[in-house]
Amino acid sequence: MLTPVVDEDGAPFWEYAAQGELRVQTCADCAEPRFPPRPCCPHCQSFASEWRQVSGRGRIWSYVVPHPPLLPDYAELAPYNVIVVELADAPRIRLVGNLVTGPDAPLNSLSLDRIRIGARVQVVFSSTGLPQWILERP
């Protein structure tokens with residue numbers, strides 16, 4: 001499986017995720033959340049930031065079902081989904097992940113016919129700290 005490339009700006013995101021917390025970088029001056037993490041606020045140009053915890057609730061904004069050719073580590077899991085989640089308490093923030101049946105479930109654990117644009121989801125974390133998503137109403 002692929003693992004995220006962690007840079008200095010994004011390291012806190014992954015550290016919090018490993019603890020089971022979903023946090024987004026937020027400008028300490030104008031309070032605007034931003035993702036992906038970066039040194040400067042695109043709204044007010046401040047370099048001051050903090051990591052605020054969010055509820056982990058959201059809705060499916062978009063999704064795809066990858067088809068071969070795929071990366072070798074993922075070929076045997078196909079078909080599986082990749083979703084874009086719009087966070088409920090930070091709607092300008094959209095995170096990419098997978099819709100699964102529970103933490104550490106395989107990427108192909110949820111039937112593809114259950115995925116709907118606008119469906120409400122909740123974050124769960126794999127044992128490796130990777131954020132994944134489950135349907136709020138299974």
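S49 is partly exposed, because its relative accessible area is 35%. Here, partly exposed sits between buried (under 20% relative accessible area) and exposed (over 50%), worked out with a 1.4 Å probe on protein chains only. The model is predicted, so to speak of local features a pLDDT of at least 70 is needed, side-chain atom pairs count only at pLDDT 80 or more, and totals for chains, interfaces and linings use all residues. Residues are numbered from 1 along each chain as its sequence is written, and side-chain values use heavy atoms, with hydrogens and water left out.

**Around S49**

S49 belongs to strand 3 (residues 49-53). Strands (E, at least two residues) and helices (H or I, at least four) are DSSP runs numbered from the N terminus. Leaving aside neighbours within four places in sequence, S49 is in contact (heavy atoms within 4.5 Å) with Q25, T26, C27, A28 and R34. With Q25 there is also a side-chain polar contact of 3.5 Å. That term covers a pair of N or O atoms within 3.5 Å; within protein, one must be able to donate a hydrogen and the other to accept it, and residues adjacent in sequence count only if both atoms are side-chain atoms. D29 is 20 residues from S49 along the chain, and their C-alpha atoms are separated by 7.6 Å.

**Salt bridges**

A salt bridge puts a side-chain nitrogen of Lys or Arg within 4 Å of a carboxyl oxygen of Asp or Glu. The structure holds 6 of them, including these:

| Pair | N to O distance |
|---|---|
| E21 and R23 | 2.6 Å |
| R52 and E50 | 2.7 Å |
| E86 and R59 | 2.8 Å |

E86 counts as buried because its relative accessibility is 13%, while R59 is partly exposed at 29%. R94 joins these two in a network of salt bridges. As for the other pairs, R23 counts as buried at 18% relative accessibility, whereas R52 is partly exposed at 35% and E50 is partly exposed at 31%.

**Strands 5 and 6**

Strand 5 and strand 6 make a hairpin with 6 residues between them. They pair in the antiparallel sense over 4 bridges; for strands to pair, DSSP has to find at least two bridges between them. V84 has V96 of strand 6 as its bridge partner. Strand 6 (residues 94-97) has two faces: L95 and G97 are on the covered one, R94 and V96 on the uncovered one.

N81 counts as buried because its relative accessibility is 0%. A polar atom of the N81 side chain lies 2.7 Å from the backbone nitrogen of L99. Beyond four places in sequence, N81 touches V64, G97, N98, L99, L107, L112 and I115.

L99 also turns up in the largest nonpolar core, which has 22 residues; L99 is among those with the most contacts inside it, along with L22, I60, L87, V121 and W133. Such a core is a set of buried Ala, Val, Leu, Ile, Met, Phe, Trp, Tyr and Cys residues joined through side-chain atoms within 4.5 Å. Helix 1 (11-18), strand 5, strand 7 (120-125) and strand 8 (131-135) each give two or more residues to this core. L87 touches L22, V24, V54, R57, G58, I93, L95 and W133, not counting residues up to four places away in sequence.
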